[in-house]
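Let's go through some of them together.

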Amino acid sequence: MDIRVQNLRKEFSRYPALNDVSLAIKSGELIALLGPSGSGKTTLLRLIAGLERPTDGHIFFGDEDASGKSVQERNVGFVFQSYALFRHMNVLENVAFGLKVRPRDTRPPGSEIRRRALELLDLVQLSGLDRRFPQQLSGGQRQRVALARALAIEPRVLLLDEPFGALDAQVRKELRKWLREIHDRTGHTTVFVTHDQEEALELADRLVVMSQGKIEQVGSPDSVYDTPDNPFVFGFIGESSALPVEVDNGELWVGGRAIGLTAPDMPRGHAQLFFRPHDVELVPEGAAIAGVVAASRRVGGTRRVELEIGGAAQRVEIDLPFDHPAGEKTRIAFKPKRYRLYPAAG
Amino acid sequence: MARFEQDVAVYDSRRPDEPPDAHSRPTSEPAWVKWTLIGIAVLFLAALLLLPLLTVFTQALSKGIGTFLAAFTDPAGAAAIRLTLLVTAIAVPLNLVFGVCAAWAIAKYEFWGKSFLTTLIDIPFSVSPVISGMIYVILFGANSVLYPYLHDAHLQIVFAVPGIVLATIFVTFPFVARELIPLMQDQGTAEEEAALSLGANGWQTFWRVTLPNIRWGLLYGVLLCNARAMGEFGAVSVISGHIRGKTNTMPLHIELLFDSYNFAGAFAMASLLALLALVTLVAKTLLELRYGDELAATRRH
C-alpha cells in the first residue's frame, strides 16, 4: 500500500508539532522516521495511523484520501512504544483480539481465529507461550506479541513507535535483524519511529530525518550518510566534526592559512566544514588543518583526539590509530578525505 | 514495565536459598520491637473491633433465639430491612454508573474545569452527612421553591423513599469514583488506543479492555459503597422523618428500638447489619482468592 502525506500540519494547543510535511512511502518499503525527541516523528506516525487528527493537510492510502477516516477504518497495524498489551488477556487472546472484535459478517469462526493467532505466534517465535499473561513475559517477548497482534488484522500498513526503545542493547540487535526478516517475508509497508540512528541506518530501506516538525532529508541510508543535505543531518547521522572556515577564490582558509581543500562552487565568505572523525588522513605540516592535541580517549579500536585548531577556541575531533604516539600538546596535521561545506547561517 | 527483567536479573537459581535468619536486612527490626508492634496492633483491633462485634451478637442472643428472630418478623422490623435493601439496590447501581462515568471523564480526558469536578466529587466526604440530609429537606421540603411543583405532580420526596434514596446516593457517591480515578489515571489510554487501532469500536473497547482492567477497583468501590449505603444514618435520619414501618431504614430502626429500651431487638437488628457487612467482606476475600493471580498481575503495574 502506497502512502502519501501531503502538506500535513498538526498543532497541539497552538504549538506546531508538525509543520507542512509531505512524504511519499512506496508499497512494501521499510522506512524509518528518525529524529531527536520533539522532532514530530511520533506525531507523524500517529497521524498516519489516525490516532491524531491533522490540523491541515491530507493522508492518502493508495489513491484513497484517508484524512477523515477513523483509526478503525484505516486498518493499520500499530505497535506502541510500551507495547500496550491487554494485561488481563493471555498472549493468545491478545493476538486474537483484532479478529474477535470484527463485525459478525466479516469475523472468521472461532477455530479459524485460533488457528491464525497460533500461526502468528509461530511466526514471531513464541509458540508455547500462548497461555502466558503479558506480565510473565520479558520485554523482547512482549514486543513480539505486540507485533503479532498488529499483524493479525492483516493491516494495510505496519506502524511501529520506537519498537526497540525499552529493550537492552543485546535484545535490541537481535530483534532488529528479526524485524527485517519478518518484513522481507510478509512484505508489509512498514514505517517505524526511532531516535537511534544506528538502528535506522541498519534496518531501513529509506530514512526520513526530521527535526522541529520538519523533514530535513529523505533518502537511502547511504545517501543520507554520505551526502547529508544540511548541517543538522550531518551532525545527527553518524559522528561528525565541524569547523568554521573562510572561502576565498575556491579555496578554504582557517585562521589565515590555506588548508589545502578546494570548493570551486562556493561563493566567497564564511562557511562550515563538516567531516567524519574517522574519515581523515594524517599529513605532514603544510596545507592542512593543524592543531594540538587537547584531549584524547579510547573509542573501540581507535583513539579519538580533540584538536585545538589555530590556537583559537575551535576544537575538532579526529580518530587516530590507537597506537599513534601523539600525547598531550602534540601537533597534528590532517586532511579530511571526504567533507561537506555548508554556507554559514545568517 | 521493565520491572520483570530486573526481577529476573536479581534472581539466580544457582545461589542456594538463604536460611531465614542468616542475615538481617537494614530495614528489619529486632524481634522484640517486631512483636511489641504486632502485639499493640492485635490488642487494639481486638479491643476496638472484635469485642464490639462479639458484644453485638451476644446481646442479640441474650434473650434466646425466639426474641432474636422476632425482631425480624415484627412488621416494623421487616419493613426496615426491606427498605434498606430497596434503597441499596437503587443507590449502588446508580453510583456504579455515575462513578464509572466520572472516573472515565476525569482520568481519560483533559477539559476545562476538571480539577473543580474532582473537588466536587469529594464534597460528600468532607460534608457531614447530617448537612447532606438537611440540604435535601431545604431543597424539596414544604418551604422550598420546588415544593409547589412537586406537590402538583404528587411527588413526595422529603419524608419518603425518594428522599432517602437521594440522600444515600449523595453520601455514597465518591466511593466508586474515588477508587477508580487513580487506577484509570495510572493505566492511561494506551490499551484503549491499541484496541481502537485493532478495529474495536468504542463500546467493544470499553467492555473488553477498559472494564476488565478496572474490575477489581470497581468491585472494591462497589463493596464499600454498598456497606455505606446500608449503614448510612445521619443523612437518612434527617430526611426520612422516622415513620415507623414506612421510612425507617435498618440503622434508624435500630436507634428507635435502642431508645425504647428494647436492647435485644436493637442488637438483633444490628447483628443482621453487621452480618451483611461480614458477608460483603467474605465475598471480597473469596473473589481475591479465586482470581488471586490476575489480581496480583494487575497490581504489579
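Predicted model: local features only at pLDDT ≥ 70, side-chain atom pairs only at ≥ 80, totals over all residues.

Q: Where do B:W203 and B:F206 sit in chain B?
A: Both are in helix α10 (residues 202–231) of chain B, three residues apart, about one turn of the helix. In an α-helix there are 3.6 residues a turn, so residues three or four places apart point the same way.

Q: What makes B:W203 and B:F206 an aromatic pair, and of which kind?
A: Their rings lie 6.3 Å centre to centre, with 25° between the planes. Centres within 6.5 Å make a pair, and planes under 30 degrees apart count as stacked, so this is a stacked pair. The structure holds 18 aromatic pairs over all chains.

Q: Which residues do ring pairs link into a cluster with B:W203 and B:F206?
A: B:W104 and B:W207 join them in that cluster.

Q: How do you know that the charged end of A:R149 sits over the ring of A:F86?
A: The charged end of A:R149 is 4.6 Å from the centre of that ring, and the distance limit is within 6 Å. The definition also asks for a position within 35 degrees of the ring normal; A:R149 is listed as sitting over the ring of A:F86. A:R276 likewise lies over the face of A:F234, at 4.2 Å from the ring centre.

Q: Why is B:I90 called partly exposed?
A: Its relative accessibility is 32%. Buried needs under 20% and exposed over 50%, so B:I90 falls in between and is partly exposed.

Q: What does B:I90 form together with B:L86, B:L94, B:V97 and B:F98?
A: These residues form a nonpolar patch on the surface, with about 390 Å² of accessible area together. B:I90 is in helix α4 (residues 75–108) of chain B.

Q: B:T84 also has its place in helix α4 of chain B. What makes B:T84 buried or exposed?
A: B:T84 has a relative accessible area of 2%, and buried means under 20%, so B:T84 is buried. Leaving aside neighbours within four places in sequence, B:T84 is in contact with B:M230, B:T249, B:M250 and B:P251.

Q: Why is helix α3 (residues 91–100) of chain A called largely enclosed?
A: Eight of its 10 residues are buried, so the rest of the structure largely encloses the helix. Among the buried ones are A:V91, A:L92 and A:F97. The buried residues of α3(A) pack against α4 (110–123) and α5 (139–152) of chain A, together with α9 (190–197) and α10 of chain B.

How values were computed
Residues numbered from 1 in each chain as written. Chains lettered and ligands numbered in written order. Heavy atoms only, no water. Patch = residues over 30% accessible without salt bridge, like charges linked within 9 Å, V, L, I, M, F, W, Y side chains within 5 Å. Areas by Shrake-Rupley, 256 points an atom, 1.4 Å probe, with all protein chains shown as cover. Salt bridge = Lys/Arg side-chain N within 4 Å of Asp/Glu carboxyl O. Helix = DSSP H or I, 4+ residues; strand = E, 2+ residues; numbered from the N terminus. Buried < 20%, exposed > 50% of the residue type's maximum accessible area, 1.4 Å probe, protein only. Phe/Tyr/Trp six-rings, centres within 6.5 Å; stacked < 30°, edge-to-face > 60°. Contact = heavy atoms within 4.5 Å.
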